[in-house]
Amino acid sequence: MRVIVVGGGVIGTMHAWQAVERGHEVVQIEREAEARGASLRNFGLVWVGGRAQGPELEVALRARELWEEIGARVPKVGFRANGSLTPVRTAAELAVAEAALAREDAGARGFKLLSTTEARALNPALRGEFEAALYCERDAAVESRTAQLALREALAATGRYTFLPGREIRDVVGENAVRDDHGDVHRGDHVILATGAWLSGLIRELDPELPVRKVRLQMMQTDPLGEELTTTVADADSFRYYPAYTGEALDALNSGQAQPEVAAAHKMQLLMVQRLDGSLTIGDTHEYEHPFAFDTVEDPYEHLVKVAGELLGRPLPKIRRRWAGVYAQTRGTDPIVHRKRLREGVTLVTGPGGRGMTCSPAIAETTANSLGW
């Protein structure tokens, strides 16, 4: 079988991976020289702890298994099972952490509540003041800027994979084929459209009622920290953002402990993960009203620097990079991704939102199983 994958991001690349793994030939087409969207502009987190109870958590846990398997085979992906710590600093935040521990799926997530001493023993870089920390053993990380490159290198080594950059798909030709802006037609047994946040043009024509919205975020990266950050670190504002923590304790937090004004205005949380070169990726904001601004705003960065510095108990290294990114998030009945067969032999997969890096291996596996690859 021959599969045509349109889109060079992590969703497209994982579909290519699934097809090649099952013995098929793949042609992957990317409109840029390299993927430049949300698949690179993220934390590289395999984030299990915050996922919603039920199908979303099941997909995340399966994806976590697949990431570990892929990481063992492709070391350049940079997989590490580092877990995460969410320090809590008030009684209301502690109550949310305790409620998370009481959930029936707490064991599957690897939740534990650690004392300050235990948290610092696990991650000595956390020298700031906090009362306790929620540990999620199942969280992990990969290198978002280089994972796709590493995966493509491994795919190419099979002899059954071709990457075609700098080609934008302009039309779907009958069944199982697409035409690019060079005029070339690419035929296969199935076409996967994994175009990320590119939702206009051909995608809108093919799926006019697309139940997907765009979300914009701001992030940054520091110089090397100079010591190891042994886990990913989140602040308690992440409780407000991730669906795993919904309940009475979160309602009490939201009503009784206001976010700082800038954090509330930009719908912020702190996530902080160390890259293999020692630098820190830190974010993020969330903007939902389109059209988005073309520039970044400084106040959120200042807030993130302050919160991260408080948890580390030291100034952050110099900020090396700042960026904005846009991802596509489903608003449909499927809570994880918008997957739709547009016509025989052509399937659109988009809208994983902030779950894309985490869930992409399992999203692609589900597509492959449903199509009988």
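I take a nonpolar core to be a set of buried Ala, Val, Leu, Ile, Met, Phe, Trp, Tyr and Cys residues joined through side-chain atoms within 4.5 Å. Buried here means under 20% relative accessible area, with a 1.4 Å probe and protein chains only.

The model is predicted, so I note the limits: local features need pLDDT of at least 70, side-chain atom pairs count only at pLDDT 80 or more, and totals for chains, interfaces and linings use all residues. Residues are numbered from 1 along each chain as its sequence is written, and side-chain values use heavy atoms, leaving out hydrogens and water.

**Cores**

I looked up the largest nonpolar core, which has 41 residues; Met14, Val26, Trp67, Val77 and Ile192 touch the most other members. Among the elements that each supply at least two residues of this core are strand S1 (2-6), helix H2 (55-73) and helix H12 (356-370). Helices (H or I, at least four residues) and strands (E, at least two) are DSSP runs, numbered from the N terminus. H1 gives the most to this core, seven residues.

Next I listed the contacts (heavy atoms within 4.5 Å) of Val26. Leaving out residues up to four places away in sequence, Val26 touches Val3, Val5, Ala16, Ala19, Val20, Arg160, Tyr161 and Thr162.

I also found a second, separate core of 29 residues, including Phe43, Ala132, Met219 and Val273.

**Cysteines**

I searched for disulfides (pairs of cysteine sulfur atoms within 2.5 Å) and got zero. Cys136 is in no disulfide, and its nearest cysteine sulfur, that of Cys359, is 13 Å away. Cys136 counts as buried because its relative accessibility is 2%. Cys359 is likewise in no disulfide, and it counts as buried at 0% relative accessibility.

Technical notes
Buried means under 20% relative accessible area, exposed over 50%, partly exposed in between (1.4 Å probe, protein chains only).
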